[in-house]
Amino acid sequence: MRKGKILLGVCGGIAAYKAAELIEGLKRKNEIKVVMTNNSTRFITPLTLQTLSGNPVYSEMFTLPKEWEIAHISLAKWADLLLVVPATANIIGKAASGIADDLLSTVIMASTSPVLFAPAMNKNMWKNHILQENIKRLKKIGYHFIEPTRGILANGQVGIGHLAPVETIIKEVKKRLNET
Ligand SMILES: Cc1cc2nc3c(=O)[nH]c(=O)nc-3n(C[C@H](O)[C@H](O)[C@H](O)COP(=O)(O)O)c2cc1C
């Protein structure tokens with residue numbers, strides 16, 4: 001059976017460690033490549049995600065390529081689905097505004113495959129009007145979201161902003177890849 005190719009974008013939030021669990025849950029049936037923002041590497045190491053995914057981890061736009069391929073274009077072309085976990089307020093804002101100033105935001109811009117965001121953040125950030133307007137805008141254009149849940153957040157507060165459960169994200173990925 002053909003394996004659905006998932007490009008996992010990892011951003012700089014506390015829930016970045018969940019990217020490791022997601023790779024574990026998806027890799028039997030899917031090929032996974034990972035793009036990390038520079039900030040996400042402060043939360044989880046590229047080494048961990050590279051080892052678990054069995055593929056190189058990408059984060060730099062301007063390194064000299066080993067093969068003559070431009071990373072953001074070839075990664076966007078390679079993927080059947082682009083999954084961004086955890087999606088920070090920052091990456092959502094950049095995508096909604098057409099900003100492409102690092103590898104992940106540029107891949108999102110270059111992608112013609114479905115893009116699925118799973119946001120996670122502090123409850124006040126989640127409620128922020130600009131963030132909500134950005135999400136509304138992206139949904140209208142055709143981007144998909146897996147809503148965060150209510151739970152205990154990183155700072156101990158209770159509220160909405162907790163990353164959706166890994167099983168929910170996996171279910172949504174399978175649905176989008178027609179693998180259910
Ligand atoms: C300890 C810590 C935890 C953070 N957690 C989150 C988070 O869960 N969600 C979020 O949107 N931003 C969070 N941030 C802020 C982002 O790291 C920051 O906005 C950063 O610019 C995001 O960069 P990126 O989107 O390029 O990865 C956190 C920052 C710190 C220092």
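Met61 sits in the loop between β3 and α3. Helices (H or I, at least four residues) and strands (E, at least two) are DSSP runs, numbered from the N terminus. The model is predicted: local features need pLDDT of at least 70, side-chain atom pairs count only at pLDDT 80 or more, and totals for chains, interfaces and linings use all residues. Residues are numbered from 1 along each chain as its sequence is written.

Met61 is partly exposed, with 16 other C-beta atoms within 10 Å. The cut-offs: buried is 20 or more other C-beta atoms within 10 Å of the residue's own, exposed is 12 or fewer, and partly exposed is in between, with C-beta atoms placed from the backbone. Not counting residues up to four places away in sequence, Met61 touches His72, Asp102, Leu103 and Thr106. A contact means C-beta atoms, placed from the backbone, within 7 Å. Asp80 is 19 residues from Met61 along the chain, and their C-alpha atoms are separated by 21 Å.

## Overall fold

The protein has eight helices and eight strands. Its radius of gyration is 15 Å, close to the 16 Å that the globule rule gives for 180 residues, so it is as compact as a globular protein of that length. The radius is taken over C-alpha atoms, and the rule is 2.2 Å times the number of residues to the power 0.38. The C-alpha trace spans about 45 × 30 × 30 Å along its principal axes.

Of the 180 residues, 38% count as buried. Among contacts with a separation of 6 or more, 75% join residues 24 or more positions apart.

## The nonpolar core

The largest nonpolar core holds 51 residues. Such a core is a set of buried Ala, Val, Leu, Ile, Met, Phe, Trp, Tyr and Cys residues joined through C-beta atoms within 7 Å. Leu8, Leu82, Val85 and Ala118 touch the most other members. Strand β4 (residues 81-87) supplies the largest share of this core, six residues.

Leu8 contacts Ala19, Leu22, Ile23, Ile32, Val34, Leu83 and Val85, leaving aside neighbours within four places in sequence. Pro86 is in strand β4. Most peptide bonds are trans.

In α3 (residues 71-78), the buried residues are His72, Leu75 and Ala76. Seen down the axis of α3, they fall within an arc of 100°, so they line one face of the helix. The arc is that of the directions from the helix axis to the C-beta atoms. These buried residues pack against β1 (4-10), β2 (30-36), β3 (57-58) and α5 (103-110).

In α4, the buried residues are Ala89, Ile91, Ile92, Lys94 and Ala95. They pack against β4, α5, β5 (115-119), α6 (123-127) and α7 (129-141). Gly98 follows α4 and has a positive phi, near 75°.

## Around the ligand

The ligand is surrounded by 16 residues, and the closest are Gly12, Gly13, Thr37, Thr88 and Met121. A residue counts as near if its C-beta atom, placed from the backbone, lies within 6 Å. Helix α4 (residues 89-97) gives the most to this shell, with three residues.

The shell divides into nine nonpolar, seven polar and no charged residues. Here Ala, Val, Leu, Ile, Met, Phe, Trp, Tyr, Cys and Pro count as nonpolar, Asp, Glu, Lys and Arg as charged, and the others, Gly among them, as polar.

Technical notes:
Contact = placed C-beta atoms within 7 Å.
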